[in-house]
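Here are my notes on the model, point by point. Please read them with the coordinates open.

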Amino acid sequence: MIEFRGAGPAEFVERLDTVIDIYTAAMNPPADQINGRKTIMRNHATYPYFQCYFAELRDPSLSAPLTVGFAYGFRGTPGQWWHDVVFRALTDRLGQEAANAWLGYALELAEIHVHPDFQSKGIGRAMIRTLCAGRPERSAVLSTHDQPTAARHLYASMGFTDLLSRFIFPGGYEDYAIMGRPLPLT
């Protein structure tokens with residue numbers, strides 16, 4: 001049985017090795033990017049209203065629960081890299097009013113990952129619902145590869161729409177979609 005367990009910043013940082021293992025299995029990033037990703041994730045834990053959920057397999061045959069996924073987010077605010085980059089791009093393409101409407105009081109879904117052995121079982125969807133439940137923010141926003149991936153399909157099926165597409169982050173080369181949807185999730 002999969003259960004979701006909330007974790008605040010301290011436990012998240014304590015479990016960063018597990019988080020990175022799942023991230024690496026799910027995303028298969030170049031090895032030289034792992035330490036940088038770990039630093040970014042550690043920094044995210046300092047952001048306002050940070051919340052993480054771990055998806056844990058609980059089975060009597062296991063001596064301890066097996067973590068098979070995680071999702072975390074926080075309130076986006078000016079001064080955070082992703083927030084500022086996306087806010088400027090939204091302002092340029094859609095205008096300041098739209099940028100404020102989407103990012104002015106938003107839950108940024110920073111990372112959502114499920115180990116490949118446990119994907120396509122509804123865990124990602126359930127983690128997003130759990131993470132967004134009861135949040136006071138007016139919107140949830142995220143970035144994902146701008147390709148027809150399972151993740152992109154999941155977000156669209158949950159009502160996330162493209163705010164920006166074919167977006168390349170500064171210093172990057174891959175196309176991303178910036179997606180958002182009003183909260184609460186229904």
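1. Start with the exposed side of helix 7 (residues 150-157), where Ala150 and His153 are exposed. Exposed means over 50% relative accessible area, buried under 20%, and partly exposed in between, with a 1.4 Å probe and protein chains only. Helices (H or I, at least four residues) and strands (E, at least two) are DSSP runs, numbered from the N terminus.

2. A word on provenance. This is a predicted model: local features need pLDDT of at least 70, side-chain atom pairs count only at pLDDT 80 or more, and totals for chains, interfaces and linings use all residues. Residues are numbered from 1 along each chain as its sequence is written, and side-chain values use heavy atoms, leaving out hydrogens and water.

3. Which residues of helix 7 are buried? They are Arg152, Leu154 and Tyr155. Seen down the helix 7 axis, these buried residues fall within an arc of 160 degrees, so they line one face of the helix. The arc is taken over directions from the helix axis to the C-beta atoms.

4. What do the buried residues of helix 7 pack against? Their partners are strand 4 (106-114), helix 6 (123-132), strand 5 (139-145), strand 6 (161-167) and strand 7 (176-182). Contact means heavy atoms within 4.5 Å.

5. Glycine 159 follows helix 7 and has a positive phi, near 95 degrees. The loop between helix 7 and strand 6 holds this glycine. Glycine 159 is partly exposed, at 33% relative accessibility. Leaving aside residues up to four places away in sequence, glycine 159 touches Gly180 and Arg181.

6. Now the helix pair. The axes of helix 4 (residues 81-94) and helix 5 (residues 96-103) come within 7 Å and cross at roughly 145 degrees. Axes are lines fitted to C-alpha atoms, for helices over the stretch in contact, and angles run from 0 to 180 degrees between N-to-C directions. On helix 4 the contact residues include Trp82, Phe87 and Leu90; on helix 5, Ala98, Trp102 and Leu103 are among them. The contact residues divide into nine nonpolar, four polar and no charged. Here Ala, Val, Leu, Ile, Met, Phe, Trp, Tyr, Cys and Pro count as nonpolar, Asp, Glu, Lys and Arg as charged, and the others, Gly among them, as polar.

7. Last, the cysteines. The whole structure has zero disulfides, a disulfide being a pair of cysteine sulfur atoms within 2.5 Å. Cysteine 52 is buried, at 0% relative accessible area. Cysteine 132 is buried too, at 4%.
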